[in-house]
Structures are given as C-alpha cells and as structure tokens.
Amino acid sequence: MSPTNDKLFMQRCLNLAENGLGKTYPNPLVGSVIVHKNKIIGEGWHHQAGSPHAEINAIKSVKDKSLLQYSTLYVNLEPCSHEGKTPPCVNAIKKHKIPKVVISSIDPNPKVAGNGIRILKDSGCEVKQSVLEEKSKFINRRFFTYHQKKRPFVILKWAQTVDNYISPKHKEKSENKIFWISNDKSIQKTHKWRSEESAILIGVQTVINDNPNLTTRKWAGKNPTRLILDPNNRIPKNSNLYNDKHKTILFNKKTIRSENPLKNHVLLQPFNLKSFFNYCYEKEIQSIIVEGGRKTLQNFIDKGYWDEARVFTSNKKLNQGIPSPKFVCEKIKSVSILDDKLDYYFN
C-alpha cells in the first residue's frame, strides 16, 4: 500500500471519527476503515461511551469476513488493550487474523499508552504508526489535553461589539435580560458548540445579571453540564439554572445543602482554578466552554488556563460598557457569519 493511499484511508478514519463529537465522553473520537486490495470493505466509528468501538463497528460492517485475514485495518487511535465497558479491540483484531494495522496516534490514556501496539506486534500483526498523526491529535485535542495535562480542554468564547465591549454596564441593562451582541446565526452556532463539549462554565455574577439557561435550545444536541463558580453562595434561588432539570454543579468556598437534588454543591479549598481542574479531572470532565463575564474570562487568560478562544465581533457599538477580555495571541482564522466576524485563536 502506498503512503499516499495510507493518508487517504486515514483521512477517512478522521472524517468518520468526527461524527462522534460531543457524544463519546469520556472516550476519544475514533474512526476505522478496513481495506482489501485498495478498496474499503468496511468502516465504522465510536458512537458513544459504552457502545462498540470504531474497530469493532468496522469489522462488523464487512460482509465477507473471510477477507479480513487479507486486509488492512486503519484507525486514528491505537486500539485499546484493556477491559472497560467493552472488550479490548486488540482481541477482535487478533481473532479475525487481520495482518496489518495502520495507526495515526498512540493513545495517551495510561491504560493503553502503547500496550495495544505491543500486543498486536507480539501476535505477528504488522503495525504502521504516525500516519496523519498531527491531524489525529488535533481532532482529539480534548482527550489528549485531559490525559497529558490532567485538566479539561478549555475553550473561551465571547461576543464583543466593534468598539470592544462585551456588555453594557449592568445598571444600563434591563433587569435579568441578556443584551445580545451577536446575530441569531452566531447564537445558533454557539449552541452547537455547547452540544460538543462536556461542560459549560460561567461565574455567579453572570447568573445574577443575565439569568441565562446555558442550554442547546437552538440546536438539536445534548446539553452540557453547567458549572458555576459561586464562592459565596450568591446564586439566586429563583434563577433558571437552579430551577430546571439540567445538570448543574455549583462551586463554593463553604459547603451548603442544596434544596434541589439536581444541583450539586462542591467545596473548593482553596477556591482557585487549580482546585477546580483537579475536580474536573477526577470526574472525567474533558472539555469546558467558558462563556462567563469579563472577570471569569480574564482569570482563565491571566492564569494561562485556556487552549482555544472563539470571539464574535458584531458591527454594533456601545461607546461605553464592560470591556472585552485582554489577551495577546495570534489569530488562526476568521470567518463571516452574516454581519458578524468570528475569530479563532489557539494558545
């Protein structure tokens, strides 16, 4: 098989893997194709945690299983070698005597971390590594950040006016009413992003000022777990976040008993981002989109605890108000969403 074809088939794996975005946590995004005589005879991806992995779905999709012993299996992440909610994928590869496996990146999970490759090689399987490795790590950047940095992948998101304000001053706003800067299409895109992440985070002042829902109501996707930094227990008991059925975790400096069993109060000592990240790591919260106010966003920026920023700029002007967060970073790309501009940054 030529290197060019290896890249072609691995790209197909990556395309398949992305079908699972937002649905596989705490598992990674994985796609797999099986090739016989330069033709794809089977393919699959991991749909959700607890369901069969990509390699198993690809094997199942092959109509003539006798061809497997003459085929090559492509997968963008090292096949698992440990018993979890599903059996190890290396066992299925060995069972069907697949002679060659092409892998994009090694699994950073300590439960795998090269062991799957070793088992395959010990069984006589030819293993080729590092095909489109950087692309593979990028689509699984949440998974890699979680295991390598032991914290969630952090996405900062805000909308600003053309004169760099994210909100009017609170006294100039209608009570408990959000001042929308970006257009409806941009808002819908934000709701799509929410469906792709494990959790969404804001500070308590945003709850008090805006009474937000933080759901995916403008997109057909799951709602992220809502994380609220509320050191002094100031969240109003009549807020939307406290009175609906969506999962919410409130982070406090002192313990308090919640009147709502769906709202979990977590004591952080000391109350800082390091303690917060330790909690997220223990609970397998792999990614967070931060949509807080300026103070919350600036705290993540100043501590260097962010990986990606997505900034909408509208053509509206405020002339005065709450200024946008300040950070210095090279812009990666810009796109237009009707009359809004969307800029992407990576830390």
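**Helix α6 and its surroundings**

Modeller: Start at the end of α6: K150 follows the helix, and its phi is positive, near 55 degrees. Helices (H or I, at least four residues) and strands (E, at least two) are DSSP runs, numbered from the N terminus. This is a predicted model, where local features need pLDDT of at least 70 and side-chain atom pairs count only at pLDDT 80 or more, while totals for chains, interfaces and linings use all residues. Residues are numbered from 1 along each chain as its sequence is written, and side-chain values use heavy atoms, with hydrogens and water left out.

Biologist: Is α6 mostly covered or mostly open?

Modeller: Mostly covered. Seven of its nine residues are buried, meaning under 20% relative accessible area with a 1.4 Å probe and protein chains only; exposed is over 50%, and partly exposed is in between. The buried ones are R141, R142, F143, F144, T145, Y146 and H147.

Biologist: Which strands does α6 lie across?

Modeller: β6, β12 (287–290), β13 and β16. The helix runs at about 125 degrees to β6. Axes are lines fitted to C-alpha atoms, for helices over the stretch in contact, and angles run from 0 to 180 degrees between N-to-C directions. α11 packs on the sheet as well, touching β6, β8 (199–203), β9 (225–229) and β12. Its direction makes about 135 degrees with that of β6. Contact means heavy atoms within 4.5 Å.

Biologist: What is the strand order in that sheet?

Modeller: β11-β10-β9-β8-β12-β6-β13-β16-β15, nine strands in an open sheet with mixed pairing. β11 (263–267) and β15 are the edges; each has a single partner strand, so one side of each lacks a neighbour in the sheet. Neighbouring strands are turned by 20 degrees against each other on average, direction ignored. Two strands pair if DSSP finds at least two bridges between them.

Biologist: How many bridges join β13 and β16?

Modeller: Six, in the antiparallel sense. A309 stands opposite Y345 in β16.

Biologist: Switching to charges. How many salt bridges are there?

Modeller: 16. The criterion is a side-chain nitrogen of Lys or Arg within 4 Å of a carboxyl oxygen of Asp or Glu. One of them joins R151 and D307 at 2.8 Å, N to O. R151 is in the loop between α6 (141–149) and β6 (153–160), D307 in the loop between α11 (294–303) and β13 (308–313), and the two are 156 residues apart.

Biologist: Is D307 buried or exposed?

Modeller: D307 is buried, at 7% relative accessibility. R151 is buried too, at 7%.

Biologist: Which residues form a salt-bridge network?

Modeller: R141, E308 and R310. Within it, the closest N and O atoms of E308 and R310 are 2.9 Å apart. E308 has a relative accessible area of 2% and is buried; R310, at 4%, is buried.

Biologist: What does K331 bridge to?

Modeller: D343, at 3.8 Å between the closest N and O atoms. K331 sits in strand β15 (residues 331–337) and D343 in strand β16 (residues 340–346), so the pair ties together parts that are 12 residues apart in sequence. K331 is partly exposed at 36% relative accessibility, whereas D343 is buried at 4%.

Biologist: New topic: I285. What does it touch?

Modeller: Leaving aside neighbours within four places in sequence, I285 is in contact with Y146, P152, S198, A199, L227, Y279 and C280. I285 is in the loop between α10 (273–282) and β12. It counts as buried because its relative accessibility is 8%.

Biologist: Where is E284, then?

Modeller: In the loop between α10 and β12. E284 has a positive phi of about 60 degrees, although it is not a glycine. It is partly exposed, at 44% relative accessibility.

Biologist: Which residues does a cis peptide bond join near omega of about 5 degrees?

Modeller: Y25 and P26. P26 is in the loop between α1 (3–17) and β1 (31–36). Another cis bond joins Q269 and P270, with omega about -5 degrees.
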